[in-house]
Structures are given as C-alpha cells and as structure tokens.
Amino acid sequence: PQGIGSPSVYHAVIVIFLEFFAWGLLTAPTLVVLHETFPKHTFLMNGLIQGVKGLLSFLSAPLIGALSDVWGRKSFLLLTVFFTCAPIPLMKISPWWYFAVISVSGVFAVTFSVVFAYVADITQEHERSMAYGLVSATFAASLVTSPAIGAYLGRVYGDSLVVVLATAIALLDICFILVAVPESLPEKMRPASWGAPISWEQADPFASLKKVGQDSVVLLICITVFLSYLPEAGQYSSFFLYLRQIMGFSSESVAAFIAVLGILSIIAQTIVLSLLMRSIGNKNTILLGLGFQILQLAWYGFGSEPWMMWAAGAVAAMSSITFPAVSALVSRTADADQQGVVQGMITGIRGLCNGLGPALYGFIFYIFHVELNELPMPESPSGGSVTQYHLQQNSIIPGPPFLFGACSVLLALLVALFIPEHTNLNVRPSSWKKHCGSHGHPHSPQAPGEAKEPLLQDTNV
C-alpha cells in the first residue's frame, strides 16, 4: 500500500497537528484583517462567515464520511485538508475572497470526522477512547503554541511572513498525506469502481437527530447539550475578536490568553474531572460544569476591564468539564450496542450549534449596536500616528451575547436537574426486535430503524 509503514494513529495525529498549527499561526492576523475588511458590523459579518461554515460542515460531514467508507480515507483526508487550508494564502492576496472561501470551505472542513474514521479502522474497540483522546490532545497542543508564535513573528517580521509560513505548513501537510499516509480501509472493503453505491441513510445529517424524542432521558441530555453548547460555539467564533478590538488586548495578550486557557482546560479535563467524577458523581459534575459556565459567561458579559477577562478565563477552563462528563454519563448508561446512536445524537447537536451559535452571537452584537470606530489620536512621541479603537454601544452591558449565553446555560442547568443519575437509555424503535435476528452476527445488516453515529464506528460495506 502507498505510504510509509502501516496505518497508525500517529499518521492521523501529524495530519491534525499540521493543519491546526497552520491556522493557529493566523489567529492574530485574521482578527486584524477581519476588522479592516468589515469596519462596520464586524461582529455580524464574523458571525455570518463562521455560521455558514459551521452549517455547511454539519450538512456535509455524514456524506463525506459515507463516501470515505466506500472509497477510502486517504483521498478524503487529502480533499478535506486541501480545501480547509485553501483560504490561507488568500489573506494577503484578497481579504474579501479569503473570507468568502472560508465560509464555503465548510463543505470540506471536516478533517476531524475523516481522522476519527481513520483511527476507527486501525484500532480495536477498547483502544479507541485513548486514540481519540490522543487526537484531541494534539489539536489542543497545536492551538496552545501556534497563536503565540504567529503573534511574535507578525510583530517582528510582519503578517506577510506569518501567512507564507502558514501556507508552507499547509502544503507540508498535503505532501505528508500524499507521500507518507497509508490507506487505512482494507482493500477488500473497497469496491472495484468509483460508481459503487453509498448508504444514503448514513449520509443524512439529521439521521441521528431523528432519534432524540424516543427516550425521555436522551431528550433531557440533548436539550442540555444544545442549550449549553450553543453559546459556547458562538463564544469561540467571536471572543478573541472581542478581546482584541473591544477590550484592547494586544496580539501577544490574545495569544497568551489562548495558551493559558488551553493549559488550564487540559488540567481541568484530566485531573480535576477525574477527582470530581469519583467524589461527587457524574450528574453533579455536569451541574458543577454548567454552574462554572454561567459564572464565566456572566463575567464576560459584564466585565469591562482586561483583568476581569483573565479571571473569567480561569473559570472558563473549569466549565470545560461539562461535555466530557455528559459523554461519560451516556457511555455508562447506554447499552453497549446503543453507544454510537446516542453519542451520534450529541455529536449532531454540537454540529448544529457550530452553525447556529456564531450567527446568533453576531446578530446579538448587531442588535445591541456593539460597533467599532477608529478615532484619530495625537501623534505618538516617536512621530508615528496612533489609532485608538473606541467601543460604541447604547447599553450598559459590554458583552450582551455573553449575558444571553448565561441565560441559555441557566436553562440547561434547570433541565439537567431532571436527568437521573443511573438509568438505561433506549432509543430503539418498537419494531427493533422484528428486524434483528436473535444471533446478533457482527456482519448482519443493520436494522432499518436504527441509525448509528457515522464516522465514529467501523462500517460494514
């Protein structure tokens, strides 16, 4: 097979690291170019760009996963990395085209999905959690280091060098996939021709969401995830722009904020989460995480000084324990053959939030007239002109979307109170037994009424 060595998790880890390291380098330059390109309604345009990208990713991820189940992972790794990184060189060529291509690239911005499918091909079921954790930790590590490096290089050598470096790393990633990454899907599972049919049921982005109402506990969990992740997705899309342009953070301060928050989140999701799960239980850990998220969002909403942002960031790291605790609750209470279905519902809801959250935050900023004006200032002592960013708003609340997010998470907390600590989740339709034989052969056809999480499980072709 083409590639270097046998397929391994390390191939997937390198692909993820290089892609997100390249984008992490552009964190500070992107914030500057965004405001220069859209001096009016900056937050609204940012929300629309990220919202379109998120919705397109939600709609296309299952289809690309289904196609990769038939035609192999390597070609789709190449496709997703190429189109995800295609906007990078456009930042200096044409900022308008840069943001336009970013939004449209959401159709292929699903590298994580294909990487998880790649990992599922080459690992045993008991090894998969650790392998997924390694991939996620690599993603976090790339974003801890790269924004700071990009901000430093931009300050010393200019943003053009940062864009060139990010483009070079993206090309290195593409070359690595072409030359070094072997195909993980066995040859016998791939058809001889490219005209082979795919499972359109698996390609339906709403397939997993259709199961939500079949169990009351699943419904409560999914509502909790939706209400808590919607503001989180919106916050990710606009918060660093908010720090840079509204709170007056420098590029280096934003990079340092990302690094500190990432390190604290890793500690919270490993050591602190483990201690809390053992001491206060699964459900109480979820409630505690939601409580920290409410406090963090309210602090962001009312905070008007940089030190308040740093303090709220420490609280934000603690709020990151919510989703791992929810996943653990589901894995403990769902039947073994229902894990993919229930986890798929949660993944689908998070994907939907990735599209709705940024657009919602941008719209709320627009409604509350949170805009930026550049005010000319006297010349600096060194003789250069100084530009000061001034926040225009007709409200006493500096960050209205964050306050809205706090209210949304408060509702999530109230819903989560009704989730039982121990229960058996059942999302099978009543006709399930009619479609499943009593032998349960591992290669028997899947029940027509039972969806499964695409991309996170092996697929029988």
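The charged end of Arg350 sits over the ring of Phe323, 3.6 Å from its centre. Arg350 also lies over the face of Tyr229, at 4.1 Å from the ring centre. A charge counts as over a ring if NZ of Lys or CZ of Arg is within 6 Å of the ring centre and within 35 degrees of the ring normal. This is a predicted model: local features need pLDDT of at least 70, side-chain atom pairs count only at pLDDT 80 or more, and totals for chains, interfaces and linings use all residues. Numbering runs from 1 along each chain as its sequence is written, and side-chain values use heavy atoms, without hydrogens and water.

**Aromatic rings**
- The count comes to 21 aromatic pairs, where rings of Phe, Tyr and Trp (its six-membered ring) pair if their centres lie within 6.5 Å (planes under 30 degrees apart are stacked, over 60 edge-to-face, the rest tilted).
- Tyr242 and Phe402 have ring centres 5.1 Å apart and planes at 70°, so this pair is edge-to-face.
- Tyr242 belongs to helix 11 (residues 216-246) and Phe402 to helix 17 (residues 400-416), 160 residues apart.
- Helices are DSSP runs (H or I, at least four residues), numbered from the N terminus.
- Tyr242 is buried, at 0% relative accessible area.
- Phe402 is buried too, at 0%; buried means under 20% relative accessible area (1.4 Å probe, protein chains only).
- One aromatic cluster includes Phe43, Trp310, Tyr242 and Phe402.

**Helix packing**
- Helix 4 (residues 73-85) and helix 9 (residues 159-179) pack at about 170°, with axes 10 Å apart.
- Helix 4 is therefore roughly antiparallel to helix 9 (angles over 145 degrees).

Methods:
Helices (H or I, at least four residues) and strands (E, at least two) are DSSP runs, numbered from the N terminus. Buried means under 20% relative accessible area, exposed over 50%, partly exposed in between (1.4 Å probe, protein chains only). Axes are lines fitted to C-alpha atoms, for helices over the stretch in contact, and angles run from 0 to 180 degrees between N-to-C directions. Angles under 35 degrees count as roughly parallel, over 145 as roughly antiparallel, 65 to 115 as roughly perpendicular and the rest as oblique.
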